[in-house]
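Work through the exercises below with the sequence and coordinates open. Each task is followed by a solution in steps.

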Amino acid sequence: MMHVLPYLVAVHLFLTGCYGLATSRNLIHAVGCLAVCQSATYVLLLAVGYRDGGTAPVFSDVRPGSRPVVDPVVQALTLTDIVVGATVTALLLALVLQIAKRHGTVDPDELRELRG
């Protein structure tokens, strides 16, 4: 059961974020829910790269192949995902700030009337 737990956590985080996006009545809340959805990808990537009994992939004191190590590529992808997620969240929050300044609301239903 423990080997499936990270995948279940990732699915739960993703579905929670999607539910929040679908029911959001505030653009700032929607951006936060999108960040929760993206955190599911962090958990998923780390679960894929996990190895039972693995250590950090540093080979200065032992020869390669003598002990199990975790996958460093997946760790690098996770760090890249975190940086991209922070950038996207900052950009979306800046857009929400501009919408609030120009239209005086962050309610998506009130902004629908602007479509024309």
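The exercises concern a predicted model, and they go from the overall fold to individual residues.

**Exercise 1. Overall shape**

Task: State which elements the protein has, and decide whether it is a compact globule or more spread out.

Solution. 
- Step 1. The protein has four helices and zero strands. From the N terminus on, the order of elements is α-α-α-α.
- Step 2. For 116 residues the globule rule gives 13 Å, while the radius of gyration is 20 Å; this is well over the rule, so the protein is more spread out than a compact globule.
- Step 3. The C-alpha trace spans about 65 × 30 × 20 Å along the principal axes.
- Step 4. Buried residues account for 22% of the 116 residues. The accessible surface is about 8,100 Å², and carbon and sulfur atoms hold 69% of that surface.
- Step 5. Take the contacts between residues at least 6 apart in sequence: 53% of them join residues at least 24 apart.

**Exercise 2. Cysteines**

Task: Determine how many disulfides the structure holds, and give the distance from the sulfur of Cys18 to the nearest cysteine sulfur.

Solution. 
- Step 1. The cut-off for a disulfide is a pair of cysteine sulfur atoms within 2.5 Å.
- Step 2. For Cys18 the nearest cysteine sulfur is that of Cys37, 3.9 Å away, and Cys18 is in no disulfide. Cys37 likewise is in no disulfide, its nearest cysteine sulfur being that of Cys18.
- Step 3. The structure therefore holds zero disulfides under the 2.5 Å cut-off.
- Step 4. Cys18 has a relative accessible area of 28% and is partly exposed, whereas Cys37 is buried, with 7%.

**Exercise 3. A nonpolar surface patch**

Task: List the residues that make the nonpolar surface patch, and say which element gives the most to it.

Solution. 
- Step 1. The patch covers about 830 Å² and is made by Met1, Met2, Val4, Leu5, Tyr7, Leu8, Val9, Leu44 and Val48.
- Step 2. Two elements give two or more residues each: helix H1 (5–23) and helix H2 (27–49). H1 gives the most, with four residues.
- Step 3. Val4 lies in the segment before H1. To qualify for a patch, a residue needs over 30% relative accessible area. Val4 is partly exposed, with a value of 32%.

**Exercise 4. Separation in sequence and in space**

Task: For Leu92 with Val31, and for Val58 with Val69, what are the C-alpha separations?

Solution. 
- Step 1. Leu92 is in helix H3 and is partly exposed at 26% relative accessibility.
- Step 2. Leu92 and Val31 are 61 residues apart along the chain, with 6.7 Å between their C-alpha atoms.
- Step 3. Leaving out residues up to four places away in sequence, Leu92 touches Val31 and Leu34.
- Step 4. Val58 is in the loop between H2 and H3 and counts as partly exposed, at 46%.
- Step 5. Val58 and Val69 are 11 residues apart in sequence, and their C-alpha atoms are 8.5 Å apart.

Notes. Residues are numbered from 1 along each chain as its sequence is written. This is a predicted model: local features need pLDDT of at least 70, side-chain atom pairs count only at pLDDT 80 or more; totals for chains, interfaces and linings use all residues. Side-chain values use heavy atoms; hydrogens and water are left out. Patches are made of residues with over 30% relative accessible area and no salt bridge: like charges are joined within 9 Å, nonpolar side chains (Val, Leu, Ile, Met, Phe, Trp, Tyr) within 5 Å. Accessible areas come from the Shrake-Rupley method with a 1.4 Å probe; for residues, only the protein chains shown count as cover. A salt bridge is a side-chain nitrogen of Lys or Arg within 4 Å of a carboxyl oxygen of Asp or Glu. Buried means under 20% relative accessible area, exposed over 50%, partly exposed in between (1.4 Å probe, protein chains only). The radius of gyration is taken over C-alpha atoms; the globule rule is 2.2 Å times the number of residues to the power 0.38. Contact means heavy atoms within 4.5 Å.
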